[in-house]
Every structure is written in C-alpha cells, then in structure tokens.
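Take a look at the fold before getting into the side chains.

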Amino acid sequence: MSHKKQKQMQIKSKLTVENKLSITGWFFILPATLLIFAMSFYPMFKALYMSFRTGIGVNMEWAGLYNFTRMLKDKIFMQSVRNNFFYLIIQVPIMLVLAITLASILNNPKLKYKGLFRILLFLPCATPLVAYSVIFRSLFAIDGYFNTILLNFGILSKAYNFLGHPTSAKIVIIIALIWRWTGYNIVFYLAGLQNIDPSIYEAVKLEGASKFQTFFSITAPLLKPMILLTSIMSINGTLQLFDESVNLTAGGPANASITMSHYIYNLSFKYVPNFGYAAALSYVILLLVAFLALIQMKVVDVRD
Amino acid sequence: MKKILFTLACITIAASSLLMASGQKEATVDTSKSDELVVWLWDMGFNGATMQKAAEIYKEDHPEFNLVIEDQGDWNTLQTKLTTIASSGKLDSLPDILLIQDNAFQKNYMSFPEVFTDLSNTNIDYTQFASGKTGYSVIDGKNYGVPFDNGAVIFGYRTDILAKAGYTIDDFTDITWSQWLKQARVVLEKTGKPLLSAQAGSSDIINMMLQSAGASLFNTDGSPNIVNNDVLYKVAETYMQMLDDGTCIEATDWSGYTNSFSSGAVAGTMTGCWIAATIQGATDQAGKWKITNMPSLDGIPTATNYSNNGGSSWAVTSACKNVDLAADFFAMTFGSSMELYDAVAQNGVLGTYLPSANSSVYSQPNEFFSGQPIMSIITEFAGKVPAIEGGAYYYDARDAVCTAITQIQSGAVAKEAFQDAQDTVNFMMGN
C-alpha cells in the first residue's frame, strides 16, 4: 500500500457518518455551552479564586485558606448553618410526605374535579418568592390575620409576636415553605405515578393487597427515582434559602432565622463588603449540597 | 459539508449579533452629552424633589443643562447596585452623582476608593456647612461629598391625645426618660394609646438615645465600644422598659411603623426631622400634632435632649465626564442658593447649609403642627446635637447591638449579650 493511499483511508475512516453527525451535534450545542461557561462556570471559578483572597471591597489580597479557618470562629455563620439544617430536617420530610400523599390521591382515577385540585395545589408555585414572603409576614404580624382570628376566638388574650420569637419565627418560615413548594413536588410525583403501568395495580388488587401494602410495596419503590430527584432538589433549595429569610423574618429575631445565603448577602452588601469571605462561605454551601446529594445517591441507588 | 458550513454561518450570525448588541450599548454611552448629569437617589418626594428644584434653579443661568433623576427606591437598593458595579470594575455604569447615607460614606470610600471624585479644589465653599456634617464625607483631609440634609431628632406628639390624659406638649419638653416613662404609662392607661412605635429589628431608637448623650458604639481609635459602654446599658434598660410597659410597640416593618401613627393607633413618634413629611401625610390629623425635643437619659452626665437620625450627602463618581459641571452645579445650588433651601423647607428638608437657618421661610408657622414654626425649631435642635464617633463598621455594629438587645429582651444577661456583640464586630473588623 502506498503512502498516499494509506492517508486517504485514514481521512475516510475519520469522517464516517457517525463522526459527521457527532461534529454537527457539537456545533449545535456549542453556543449554549459557551453561554453556560461564560455565565455559570466562569463566575464559579472566579468565586473559587476569590475565596482564597480577603480584604475590604476591591482592596483584596491573597489569604490562602484564611477565610476557611476564619469561618469556624464565626458565630453568626454557625447559627445560620444550624438554622438551615433545622429547616432541612423538619421541612423537607414533611413536604415530601405531603406531596406524595396528595399526588397519590390526585392520581386516583375515580377522583372528580381532578384538574381543579391540580391547579389549586400548583398555584402557590406560581407566586413570586418575595410576594408570598411579604404576604406571610403580614399574615403572622402582631396585628395580622392569624392574631386577629386567635384573639377573636378567645384562644389568645394578647397578640402573639410570631416573628419576634426564635422558634415561632422558624416555624412560620417552615409553614411558608411547605405552602410554596409542596405543589411543585406533586407535579414530579404525578409524572412518576403516571408512568407506573395500571396493570400492576390490577394484579396486586387481585392478589388481595391492602392500600398500604400497595403503596409501600409498589408505588414507593417504583417512585424511587422521583423521590431521589425531589429530595435532592429540596435539599439543594433549602440550603440556598434566601428570599424567605430576607423578606419574611429579616433573619430575626437576633439572627434566629437567618440562612447562610442571607448572611452571605449581608457580608457583601449590608456590612463592610468582604467578597473573599463571602465567596468562601458560598463554597461551603456548594460542598454541603454536593456532599448531601452524594450520600443520598449512595443510599437510594437508582440502579437497584 | 454543506450542513457544517450552514451551522458555522448560524454561529457567526449569532455571535456577531451578540457583539453588535454590546457595541451598540457602548455607543449610546458615548453619545451622552457633557451638559447632562445623571443622579441616583431614593425618596422622590424628599430627595428627588430637592434635586429637581436645584436643577430648575441652575437651568435659569445654564439653559443647556439637563439633570436626569433615576429613583432607586431606597438606600439598600442603591447600595446593592453601587456594590455590584464597583466590585465588577465596570465603573462607567455608574451615574454622575450618587446620594449616599452619611453613615455609609466612610465604608463605601474604604471599599471602593476609585468610585469617588475629590471635590476639594472646586468652587464649593465647605465652610458654609455645619462642620459635624461635612465630617462624614471628608477622608484624609479631602472633600468627597457635598453635604445635603440633616436628621435632627424630633419627638412629635398628638396633642389631642395628651390632653385627654391631662398633659400638654410642655409636660414632654426638656424631660428625662424616667419622666417620659411615667407620663407615657398614664397616657396608655387613660387613652389606651402608646406614645411611641418602633420598627422591630431596627436600632434607630437605640442609636438616637446613644447619640443624645454623646455616646457612640466606637472608640476614638475606631475599635468597638459596646461591652464597657455604660450609656448603652442605660439605653437598653430604658428601651426595654418602654416595651414592657407597652408605651412603645414594635411594628414588623417600615410601613407598619409609619402606619402606626398615621392610623392614629399610636399617639407620637420620635425620629429624624424628615419624618415631618410623612406625619403631614395624614391630613385628617391636621392641627393635632406638635413637635418637641426628645427626653434625655437619666443619670448620664453628658445627656442632652438632642440627637440625629439619618442624613445624606451627594458624591460625584469617577464615571462623571464633566466634573467641572457637577461641581459648579453644587456650588451654585446646594452650596449657595437660599432660594433652593427656602423652596424645599415645606417638605421638612433641613439643609446643613448654615445661612439657611436665617431664612424668613423657616419662621413661618406650620398649620399642620398647630401653628408651630417647625423649621426654626428643628434648626435650633440641630445646633445642639452632640457630635459622635462614626466609623466604617457602623452597620456591622448597629446590627450586632440590635441582636444583643433582642437577646436581652428574651432573657439573656446584658453583659454577655453585649460581649457577644463586641466579639461579632471585632470579628467583622478582623477580615
């Protein structure tokens, strides 16, 4: 075989149909990739670089791991981590159990006005975060809706300052979160439920399984991927909680309900700005989210 | 091959349109005329109206001048925008002029020195302004700001409610907080109305009380002065007493606070004199209000009945293409125009331009405040406010103390809570 021929063959083998298609594919996703890189990944790397620097405003200098050791002594940050985990541990399970229960009810073929209920349950998700936070704040204000009702029914003799006490302020945030996000998760579960073959249910019914048995032995295992997805999303969302802390309780009273993201905002915009330290704290959130997601994927292995 | 070429063409078109979009944006910046100034501020009825009036006055002699006011809603929004732009380094996105809270001036200069323009060697005569006020915007002997308004503290009372409890405004003038607490309890008993309201989580009242005794949260060397600050303990004690008595109630937010007195539920308010405009918004209460000075702290030798809350200054940014125009505009309006200060006096704008105190407009009675010449009264108060140490970490310290007081309210030991607050501020300073 001559040298020329060999080369020709090489070129021919490189440009098989498959390769051609793949190159075209790459060209199509190139614009999106570039945009995502510029808008998401570049800031992420920049923030990582920034987290190793410290200083006031634009006067920053290299600080190595100083920011990361410094945060261990930061009482407000530790408080915010505790708050975030409080929300996470209490709110996420309640919300997901509620969502899966409501989704199973909605999936019942005998249920009437299904569309109406679906809309009603999903509607809270269409409300802007700031708007619903402000509404919840006014509902739970000293002269708000709930206090008025409790006073008029004689349950309370003096208006209770829901947002002025550490525990009740956190509970108000949890109630608000459940109201806002349950419908969102229902949609995922409904989609998951509709993918389960009805013949499976018919078969179990013939075998004489009870409703609970059906749910725990059939529905729940088959919904596993959806449960994993929703719980990762909920954990991710709860750890990055911001709007509710800022608008509903303003982090108060005495930082009792402040979240990590809210504290990072304060460090950058309210106090003397220290972007290096703020960036380091953001990376802690990233690591926490990644770590928790990893644990979950290991515990609930999708591949069975 | 054709397909690849087509894809390439598509990408080129998309990319070039992106580039064109950014190119066009730059072009519009370049075409901005040099006799135009853009201002960022908040509160159109107060700051905006004053700027508009200043522009009108300046236009009389400079018909080609054009001022564009961009309302940012509130100071927090303006601060967020300023921080974002300054930290990104795209300083040309800034307007020519910024309104800056006095308490935030040092912080912003320290964080973003390249945003500010030195206005020392201009024809603005800084000696014509109250020296305590100019101090906020002087850094290393250079003037970076033009002083604007003052926040001398006034205590406004509903005289009709006081009368029901057998009091007049004189019973609340030149008094101490212990007298106030006693009388406020009587008013609450007889009329069911508290005399004061505050925004929960805001430390305005605490800061006003502190400054009234010449005390600050900082030492002269800039270190925090919280745990060993005797005045602060007295302030916390007084503040918590009025909350316990119910003579002061906490509203969840700012609108809840203003609504508390404009709805008539609360029979008085104490804050910077700029609140006069808000009080006058409740037109049904015309003739029922009077203002006086605030109570002084008991047992503190330096205590006075005067304090300050709020106030801001104008800064010219480095994005300003025509600094001479901006400086001349300020010299001709805020720095010398009695006409300007007279025109905006009815809004409760108390300038810190010293000659404005002798304005004939200031002594005119205000019908809403039962015929009191409120501008003269406020000017007199402003002259007696003790000067205090400020600091770049003002907002950090303010939040920490506010947290401490909330903790003390729910049962924490004062000394421990204030020690925590001091540690927090020290932590923030030790970046």
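What follows covers chain B as a whole, then some aromatic pairs, and then one glutamine.

**Chain B overall**

Keep in mind that this is a predicted model. Chain B is built from 16 helices and 12 strands. Along its principal axes, the C-alpha trace runs to about 90 × 50 × 45 Å. For 431 residues you'd expect a compact globule to have a radius of gyration near 22 Å, and the 24 Å of chain B agrees with that.

How much of chain B is buried? Of its 431 residues, 53% count as buried. If you look at contacts in chain B between residues at least 6 apart in sequence, 76% of them join residues at least 24 apart.

On the charge side, chain B carries 24 positive and 47 negative side chains. The centres of those two sets sit 7 Å apart.

**Aromatic pairs**

Searching the whole structure, over all chains, turns up 47 aromatic pairs. Here are two of them, both from chain B.

| Pair | Geometry | Centre to centre | Angle between planes |
|---|---|---|---|
| Phe261(B) and Trp289(B) | edge-to-face | 6.1 Å | 80° |
| Phe330(B) and Phe334(B) | tilted | 5.8 Å | 45° |

What does the pair of Phe261(B) and Trp289(B) tie together? Phe261(B) belongs to helix α10 (residues 254–262) of chain B and Trp289(B) to strand β11 (residues 289–292) of chain B, so the pair links parts that are 28 residues apart in sequence. Phe261(B) counts as buried because its relative accessibility is 0%, and Trp289(B) is buried too, with a relative accessible area of 0%.

Over in chain A, ring pairs join up into a cluster. Its members are Tyr132(A), Phe136(A), Phe140(A), Tyr145(A), Phe146(A), Tyr160(A), Phe162(A) and Trp179(A).

**Gln422(B)**

Gln422(B) is found in helix α16 (residues 414–429) of chain B. Is Gln422(B) buried or exposed? Its relative accessible area is 14%, and buried means under 20%, so Gln422(B) is buried.

Which residues does Gln422(B) touch, leaving aside those up to four places away in sequence? They are Pro224(B), Asn225(B), Ile226(B) and Val227(B).

How values were computed:
Residues are numbered from 1 along each chain as its sequence is written. Chains are lettered from A and ligands numbered from 1 in the order in which they are written. This is a predicted model: local features need pLDDT of at least 70, side-chain atom pairs count only at pLDDT 80 or more; totals for chains, interfaces and linings use all residues. Side-chain values use heavy atoms; hydrogens and water are left out. Helices (H or I, at least four residues) and strands (E, at least two) are DSSP runs, numbered from the N terminus. The radius of gyration is taken over C-alpha atoms; the globule rule is 2.2 Å times the number of residues to the power 0.38. Buried means under 20% relative accessible area, exposed over 50%, partly exposed in between (1.4 Å probe, protein chains only). Contact means heavy atoms within 4.5 Å. Lys and Arg count as positive and Asp and Glu as negative; His and the chain ends are not counted. The place of a charge is taken as NZ of Lys, CZ of Arg, CG of Asp or CD of Glu. Rings of Phe, Tyr and Trp (its six-membered ring) pair if their centres lie within 6.5 Å; planes under 30 degrees apart count as stacked, over 60 as edge-to-face and the rest as tilted.
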